[in-house]
Amino acid sequence: MSRSKLDITPDTKVAELLREYPELEELLCRLAPTFAALKNPVLRRTVARVTSLQQAAKVGNINAVEMVDSLRQAAGLESLGARLSAGYDEESLQVAEQAPVTPVTFTLDVRPIIKAGDQPKDAVMSEAEKLKSGECMLLLAPFPPAPLITLLQKRGFRVTMLPPGNGMVKTYVER
């Protein structure tokens with residue numbers, strides 16, 4: 001009895017992809033070195049469960065359409081090509097040259113949360129909601145927090161991310 005394989009789309013979660021197609025991990029790492037963090041079992045259990053391929057492409061600063069089609073081809077699935085290009089926004093993750101001028105009123109380091117095997121989303125959103133107008137939170141993470149940035153922006157926060165450095169990404173969240 002054969003079962004149908006997971007379809008690979010920009011909405012596919014990274015953890016689903018790697019569970020269904022573990023052989024694609026090496027390809028993912030070749031597409032963007034940032035994805036080497038997926039070898040960390042904690043990240044795989046936490047962040048990869050909530051990160052879509054489209055969000056992962058932003059983290060890796062690569063084209064989501066090309067990434068999804070490369071993964072589909074390696075999995076033996078038909079390319080989505082132009083059909084995929086027309087339906088998805090190819091907005092890249094914006095990286096700023098410098099921090100915003102708003103003074104930081106609170107710093108949240110999510111690295112211990114992730115290292116403990118937990119998902120930092122609730123802690124980040126809870127602290128962001130406490131910000132008053134004109135206040136800024138500094139978020140420290142081990143990689144670009146693309147899903148959180150998207151969520152924060154949808155809730156009206158201004159978000160500024162600096163380039164990764166020293167194994168850490170600084171992201172500023174302003175109300």
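**Helices, cores and cysteines**

Mentor: Asp-122 counts as exposed, with a relative accessibility of 59%. Keep in mind throughout that this is a predicted model.

Trainee: In which helix does Asp-122 lie, and how far is its C-alpha atom from that of Leu-148?

Mentor: Asp-122 belongs to helix H9. Although Asp-122 and Leu-148 are 26 residues apart along the chain, their C-alpha atoms are separated by 10.0 Å.

Trainee: Are H9 and H10 roughly parallel or roughly antiparallel to each other?

Mentor: The axes of the helices H9 and H10 come within 11 Å and cross at roughly 30 degrees, and the crossing is right-handed. Angles under 35 degrees count as roughly parallel, and H9 and H10 are therefore roughly parallel.

Trainee: Which residues of H10 are met by residues of H9?

Mentor: On the H9 side, the residues involved are Lys-121, Val-124, Met-125 and Ala-128. Their counterparts in H10 are Leu-148, Leu-151 and Leu-152.

Trainee: Leaving aside neighbours within four places in sequence, with which residues is Leu-152 in contact?

Mentor: Leu-152 is one of the residues that touch the most other members of the largest nonpolar core, which has 22 residues. Helices H3, H9 and H10 and strands E2, E3 and E4 each supply at least two residues of this core. With those sequence neighbours left aside, the contacts of Leu-152 are Val-124, Met-125, Ala-128, Phe-157, Val-159 and Val-173.

Trainee: How many residues are in the second, separate core?

Mentor: This second core includes Leu-27, Leu-38, Ala-56 and Ala-64. Its count of residues is 20.

Trainee: How many residues of helix H5 are buried, and what covers them?

Mentor: Helix H5 spans residues 53-60 and is mostly covered, with eight of its eight residues buried; among them are Gln-54, Gln-55 and Lys-58 as well as Leu-53 and Val-59. Just after H5, Asn-61 takes a positive phi of about 55 degrees. What covers the buried residues of H5 includes the helices H1, H4, H6 and H10.

Trainee: Are Cys-29 and Cys-136 buried or exposed, and how many disulfides does a search of the whole structure find?

Mentor: Because buried means under 20% relative accessible area, Cys-29 is buried at 14%, and Cys-136 is likewise buried at 0% relative accessibility. As for disulfides, the number found in a search of the whole structure is zero.

Definitions and conventions. Residues numbered from 1 in each chain as written. Predicted model: local features only at pLDDT ≥ 70, side-chain atom pairs only at ≥ 80, totals over all residues. Heavy atoms only, no water. Core = buried A, V, L, I, M, F, W, Y, C linked by side-chain atoms within 4.5 Å. Buried < 20%, exposed > 50% of the residue type's maximum accessible area, 1.4 Å probe, protein only. Helix = DSSP H or I, 4+ residues; strand = E, 2+ residues; numbered from the N terminus. Contact = heavy atoms within 4.5 Å. Disulfide = S-S within 2.5 Å. Axes fitted to C-alpha atoms, helices over the stretch in contact; angles between N-to-C directions. Parallel < 35°, antiparallel > 145°, perpendicular 65-115°, else oblique. Left-handed = near helix turned anticlockwise from the far one by under 90°.
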